[in-house]
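Please find below a colleague's note on the model under review. It is arranged as numbered points.

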Amino acid sequence: MASLLPYLSCPTLILHSKHKTIIQQTFLSHPTRPIAPLSALPKLEPPPPLGITQFPSTSEDQSQQHQRNKFYLNLGLAVRTLREDLPLLFTKDLNYDIYRDDMTFTDPLNTFSGIDKYKLIFWALRFHGRILFREIGIDVIRVWQPSENVILIRWNLRGTPRVPWEAMGQFQGTSRYKLDRDGKIYEHKVDNLAFNFPQRLKPAVSVLDLVTACPASPNPTFLWGPVDLNSYSSSWVEFYRVVKETLDCENHSTVHDHLVTCL
């Protein structure tokens with residue numbers, strides 16, 4: 001140990017002491033600054049995912065989003081209203097808020113335009129339905145959307161005529177509703193009709209006529225398939241004819257003045 005003491009040079013110790021003095025002077029010349037609380041620190045947002053560029057939303061984007069929201073809102077209202085209105089078609093008027101004023105109604109034989117004629121169609125259905133049938137109603141079988149702006153409803157119309165020689169009849173059809181960009185219905189088309197009307201029974205001359213006239217069928221008084229309106233007569237054909245005549249009247253006010261309003 002004694003031999004090592006000469007090799008310990010004093011300049012080395014002095015150098016360390018000088019460094020210590022410089023560090024102390026540096027800290028003393030720069031007093032410690034207060035540390036900001038965590039709540040005052042700026043919030044750091046995570047970086048966007050790679051490959052995705054973020055653009056600020058414009059007024060055009062907001063307008064398109066507002067238009068889409070309006071469409072879906074009116075679409076849901078239309079579906080709900082149709083579900084509620086159709087089963088009560090012959091007892092109360094429809095809610096026409098879901099339709100456009102220039103809407104078009106089309107069936108296999110006719111086409112009518114305008115909300116006023118559309119209202120007149122259902123007024124005539126209620127009025128003449130009560131006159132020609134003891135009981136009449138419509139059942140909604142299915143509601144679906146083949147596309148975003150189309151609503152399809154499959155329904156079944158049933159009724160018992162007031163005349164004693166006709167039995168209960170029914171027919172099914174499909175109503176196709178088309179919606180515009182605002183979700184309002186501008187077209188109602190009826191197609192895919194399947195008839196099941198009661199046939200008029202011919203008077204029998206003898207018992208033999210009764211035997212030969214009755215086919216081996218569980219439904220001898222019903223007609224399946226398309227109906228020739230020119231050669232076939234029944235309460236259903238008369239029902240269609242009087243409704244069409246009501247719509248063909250040039251002066252609609254005359255019809256309402258001479259007929260009792262259906263409530």
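This is a predicted model: local features need pLDDT of at least 70, side-chain atom pairs count only at pLDDT 80 or more; totals for chains, interfaces and linings use all residues.

1. Residues are numbered from 1 along each chain as its sequence is written, and side-chain values use heavy atoms, with hydrogens and water left out.

2. The protein contains 6 helices and 7 strands, where helices (H or I, at least four residues) and strands (E, at least two) are DSSP runs numbered from the N terminus. Their order from the N terminus is α-α-β-β-α-β-β-β-β-α-β-α-α.

3. Of the 263 residues, 31% are buried, that is, under 20% relative accessible area with a 1.4 Å probe, protein chains only. Among contacts (heavy atoms within 4.5 Å) with a separation of 6 or more, 61% join residues 24 or more positions apart.

4. The largest nonpolar core has 41 residues, of which Y99, Y118, I151 and Y177 touch the most other members. Such a core is a set of buried Ala, Val, Leu, Ile, Met, Phe, Trp, Tyr and Cys residues joined through side-chain atoms within 4.5 Å. Helix α3 gives the most to this core, with 9 residues.

5. Leaving aside residues up to four places away in sequence, Y177 touches residues including L82, Y99, Y118, I151 and H188.

6. T160 lies in strand β4 (residues 150-161). Why is T160 counted as buried? Its relative accessibility is 15%. Beyond four places in sequence, T160 touches F133, R134, E135 and M168.

Definitions and conventions. Buried means under 20% relative accessible area, exposed over 50%, partly exposed in between (1.4 Å probe, protein chains only).
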